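My notes follow in the order I took them.

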Amino acid sequence: MPPVGIQAARQMDVLAATVSTCATGRSAAKVNDIVRETGLERHGIQPTLRFLTGTGLLTSGPAGWTPTVPGVRVGQAWATNRDTARTIFGEVWRDSWVYHLLIRSSVRPGVAFSAEEIAKAMRPYQTSKLTPWMHLVDWLVLARYVERDSDGTLRLSGALTDDVAAAPDSEQDVPPASAPDPVGPSLGLVLPVNMDQLTHLSADDYGAVMRSLATIYEVLSRQRA
């Protein structure tokens, strides 16, 4: 989950700093590089790096953090044209667990929501803290998955309508994890568990599922490269 003390736009600066550092020929960026590039405090950078890694924009290793192919696309654009970067970000993040949680939630097109209502609708484990999920809504706005009305309420972007309509909302609609895929992995990923099952996981099990999904998305992003 994103850190609660840094705005989504500033966290995107972390991605851009990682991309620019690696563009100099470095194999990976370290926290000191990002501190120097962004001016952010170290304590906020580490959780940001974990979140960016967990959503498929970075990979981590002994040498530090390296942007994925989608991460490079977003980070390079963020440094030059943030409007373009938001469009690219919205495209590449459709492979992330964040997007899949959103389209499978109770958030539907044409309905006005508060940020808290969207956060609660997306949060699979209902006893977990709501604050990180509230900050995740800022990322939804950044990706243009939700749009802010003049009165401050939020609505699902019309561009997501088809995906929301096609998203499985019951266990019967979700293909089993062992089902063979004759054409290989798709660009998106259907969770082998439904939202009702996620809500009954313990905090430890839920964390394990999210970490596993992050690994899967990283593998898929390498295959698409």
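I took helices (H or I, at least four residues) and strands (E, at least two) as DSSP runs, numbered from the N terminus. On that basis I counted 11 helices and four strands in the protein chain. I noted that this is a predicted model, where local features need pLDDT of at least 70, side-chain atom pairs count only at pLDDT 80 or more, and totals for chains, interfaces and linings use all residues. Residues are numbered from 1 along each chain as its sequence is written, and side-chain values use heavy atoms, with hydrogens and water left out.

Burial came next. I called a residue buried under 20% relative accessible area (1.4 Å probe, protein chains only). Of the 225 residues in the protein chain, 46% are buried.

I then looked at helix α8, residues 131-142. Its 12 residues reach 18 Å from first C-alpha to last, close to the 16 Å expected at 1.5 Å a residue; the expected span is 1.5 Å times one less than the number of residues. Among its buried residues I listed Trp-133, Leu-136, Trp-139 and Leu-140. Arg-144, which follows α8, has a positive phi, near 65°.

Last, I checked α1 (residues 8-22) against α4 (residues 69-80): their axes come within 8 Å and cross at roughly 105°. Axes are lines fitted to C-alpha atoms, for helices over the stretch in contact, and angles run from 0 to 180 degrees between N-to-C directions. In contact (heavy atoms within 4.5 Å) are residues including Met-12 and Leu-15 of α1 and Val-74 and Trp-78 of α4.

How values were computed
Buried means under 20% relative accessible area, exposed over 50%, partly exposed in between (1.4 Å probe, protein chains only).
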